[in-house]
Amino acid sequence: MTRSRSGAYVSWRPPVAGAWLAAATPAGVRDLAGGNPDPDLLPDLAQVLRRIGPPRQLYGGDPADPQLLERARAEFDRVGICSRDLAVVSGALDGIERALQAQLRPGDVVAVEDPGFAGLFALLRALGLALRPVAVDAKGMIPAALADALEEGVAAVIVNPRGQNPTGASLDEERAAALSRALDDAPDVMVLEDDHLGPIAGAPRLTLTAGRRRWATARSLAKSLGPDLRLAVLAGDAQTISRVRGRQAVGPGWVSMLLQRTGAILWADDACAERLEEASATYGERRERFVTALAERGIQVEAPAGINVWIPVPDETQVVQALHAQGWAVTAGAPFRLQSEPAIRVTISTLQADEARALATAIDEALRPGQRTRAA
């Protein structure tokens, strides 16, 4: 049971694997529901794999590739994140899970963005943690809403610093400063950051972790370099990272050195960096083109970064079904919401110019005149 009137609760939905994922898209329906990057904008792993001198990792060896840690430290230091203590994990959510297990216990309350990432919600439920929704706008958590959650006594706060899934919300310096001031009044609360998009987010990297006693931030390589590259680097306070690495040592041991070396080579490659810049620019163009097409039809939304567009609707089921009948698969917002209003999520990573206009028209028709919601 959670504290009465706290706004936190454990959902009745069980932590069933894959329960929040969209169903398979039928043939002939354009899939804009999966949340995936554009495969054509990912680096060519085949070329990199031919360059790797396969490491011969044995039991008892160092669990982290020094080249990967070197690249991670350089990036963390550049954006003001302490890089003294690092761990290599199997993706951002794996890092978040391990950091939470290092410091929290079942029944603790965690402040989360609402709307927020459905996969994170499922993970927290599986860990027996209570979710305290915090409202967001285009710049991330609303400071007053976070202050309310902190006053109620949450144990941790989890934020997406840029390109948030599903809204694209991204911190700017003013918002980051305001949230940091709110967090200063709760020095023992753990702060976790999920930088799942990295350089393809289309927004600068800011952090709320500076000076915190308990914190962790995950820099994923999976969305930018390829989802099958199950790899992220986790920075955090010394105790958290020590516990994460200790738990790994008695479980999986380490993340495959082949994956780590591949990530390190890609991270250091100038051609790969240029390709990631191209990908970020392309996603930005596709996102803005779609938002503009919606605006031309009187549907006002904000999508500051990322590869998804969050569109408020009066009835998710009706709109999703109407779009499906016209050949478009989008995601109902329910798995991403706790207390926020209904919406749909459209993944724009592969959305072409002619498709943007056609989809905007289809959404306009699905909403029906007179039933549109106010601007997002």
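In helix H12, the residues Glu 355, Ala 356, Leu 359, Ala 360, Ala 362, Ile 363, Asp 364, Ala 366 and Leu 367 are buried (under 20% relative accessible area with a 1.4 Å probe, protein chains only). The model is predicted, with local features needing pLDDT of at least 70 and side-chain atom pairs counting only at pLDDT 80 or more, while totals for chains, interfaces and linings use all residues. Residues are numbered from 1 along each chain as its sequence is written, and side-chain values use heavy atoms, leaving out hydrogens and water.

H12 spans residues 353–367 and reaches 21 Å from its first C-alpha to its last, close to the 21 Å expected (1.5 Å times one less than its number of residues). Helices here are DSSP runs of H or I with at least four residues, and strands are E runs of at least two, numbered from the N terminus. The cover over its buried residues includes helices H10 and H11 as well as strands S1, S10, S11 and S13. Just after H12, Arg 368 takes a positive phi of about 65°.

Turning to strand S3, Glu 113 is found there. Glu 113 is buried yet has no salt bridge (a side-chain nitrogen of Lys or Arg within 4 Å of a carboxyl oxygen of Asp or Glu). The nearest side chain of opposite charge, Arg 175, is 9.1 Å away; Lys and Arg count as positive, Asp and Glu as negative, with His and the chain ends not counted. Beyond four places away in sequence, Glu 113 touches residues including Phe 121, Val 134, Met 141 and Gln 164 (heavy atoms within 4.5 Å).

Methods:
Buried means under 20% relative accessible area, exposed over 50%, partly exposed in between (1.4 Å probe, protein chains only).
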